[in-house]
Amino acid sequence: MIRVMVADDQAMVRTGFGMIIGAQPDMELVGEAGDGVEAVELARRTRPDVALLDIRMPRLDGLAALRLLTGPTATHPTRVVVVTTFDLDEYVHAALRDGACGFLLKDSGPALLVEAVRAAASGDALISPSVTVRLLRHLNPPQTPAGAPEGGLSPRELEVVRLVARGATNAEIAGRLYISVGTVKTHLGSVQAKLDVRNRVEIAAWAWERRLVD
């Protein structure tokens, strides 16, 4: 079971996230916190596998709580997914720089929230598609010359990579390519090994750098 903690200053948000987590057969809600200080104390006491943190919370904001839970002073580091209404670039960069395993907007939907929790629990990272695309547009022009080998990827793997770069979830990729979610995960594992990247964010960056997507 993936043990999950939720921290948000809005009770309705905590309840909604708790219901989504509780409905998953492989997840368990271990606690809720209404502010940053409470979130840090709860995480240290319950040691969840994944903590969902809002950014704007009383007493201590989510980014400060993130640093306490993932930084060098953390006795038991926690994998954190930031879930917020605000997709400001400064928030995204700060969260990822300080060790967040994901950055989601609150309107991303239940499916993406669940996928982000599972990704964080497995050591991967997931960022809301709209945020990912905006960040990747700022990348420098590709250094790879036109016509260069595409990392040894198969045609099907390149299709998967292009969809990842457009922000598609595993379920969306499976639906568009008429394959199972398990097959998508197999392709992504192969892509990560061939490109020597750690997660789908780095896969997307690789694709954007080589202009494999418009």
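Biologist: Which residue in E3 does Val6 stand opposite?

Modeller: Strands of a sheet pair through backbone hydrogen bonds, either parallel or antiparallel. Here Val6 stands opposite Leu52 in E3. The model is predicted: local features need pLDDT of at least 70 and side-chain atom pairs count only at pLDDT 80 or more, whereas totals for chains, interfaces and linings use all residues. Residues are numbered from 1 along each chain as its sequence is written, and side-chain values use heavy atoms, with hydrogens and water left out. Helices (H or I, at least four residues) and strands (E, at least two) are DSSP runs, numbered from the N terminus.

Biologist: In what order do the 6 strands form the sheet?

Modeller: The order is E2-E1-E3-E4-E5-E6, in an open sheet with parallel pairing; two strands pair if DSSP finds at least two bridges between them. Strand E2 (27–33) and strand E6 (126–127) are at the edges, and each has a single partner strand, so one side of each lacks a neighbour in the sheet.

Biologist: Over how many bridges do E1 and E2 pair?

Modeller: E1 and E2 are parallel and share 6 bridges, with Ala7 opposite Ala33 in E2. The chain passes from E1 through H1 to E2 in a right-handed β-α-β crossover. Right-handed means that, with the strands pointing away from the viewer, the path from the first strand over the helix to the second runs clockwise. On its E3 side, E1 pairs in the parallel sense over 4 bridges.

Biologist: Why is strand E1 largely enclosed by the rest of the structure?

Modeller: Strand E1 (residues 2–7) is largely enclosed because 5 of its 6 residues are buried. Buried means under 20% relative accessible area, exposed over 50% and partly exposed in between, with a 1.4 Å probe and protein chains only.

Biologist: Is Arg14 buried or exposed?

Modeller: Arg14 counts as buried because its relative accessibility is 16%. The residue lies in helix H1 (residues 11–22). Leaving aside residues up to four places away in sequence, Arg14 touches Val6, Asp8, Asp9, Glu32, Ala33 and Gly34; contact means heavy atoms within 4.5 Å. Val6, one of these residues, is the one that stands opposite Leu52 in E3.

Biologist: Which residues of E3 are buried on one side, and which on the other?

Modeller: In a regular strand the side chains alternate between the two faces of the sheet. In E3, Val50 and Leu52 lie on one side and Ala51 and Leu53 on the other, and all are buried. E3 also pairs with E4 in the parallel sense over 4 bridges, and Leu53 stands opposite Val82 in E4. E3, H3 and E4 make a right-handed β-α-β unit.

Biologist: How many bridges join strand E4 to strand E5?

Modeller: Strand E4 (residues 79–84) and strand E5 (residues 102–105) run parallel and are joined by 4 bridges. Thr84 has Leu105 as its bridge partner in E5. Helix H3 (residues 62–70) packs on this sheet, touching strand E3 (50–53) and E4, and its direction makes about 165° with that of E3.

Biologist: Which way do the residues of E5 point?

Modeller: Gly102 and Leu104 point one way and Phe103 and Leu105 the other, and all of them are buried. Phe103 is the bridge partner of Val82. The crossover from E4 through H4 to E5 is a right-handed β-α-β one. Within helix H4 (residues 89–97), Tyr91, Val92, Ala94 and Ala95 are buried, and just after H4, Gly99 takes a positive phi of about 105°.

Biologist: What do E5, helix H5 and E6 make?

Modeller: E5, helix H5 (residues 110–121) and E6 form a left-handed β-α-β unit. The parallel E5 and E6 are joined by 2 bridges, and Gly102 stands opposite Leu126 in E6.

Biologist: At what angle do helix H8 and helix H9 pack?

Modeller: Two packed helices are described by the angle between their axes and the distance between the axes. Helix H8 (residues 170–177) and helix H9 (residues 181–195) pack at about 105°, with axes 8 Å apart. H8 is therefore roughly perpendicular to H9. Axes are lines fitted to C-alpha atoms, for helices over the stretch in contact, and angles run from 0 to 180 degrees between N-to-C directions. Angles under 35 degrees count as roughly parallel, over 145 as roughly antiparallel, 65 to 115 as roughly perpendicular and the rest as oblique. Asn170, Ala171, Ile173 and Ala174 in H8 meet Val181, Val184, Lys185 and Leu188 in H9.
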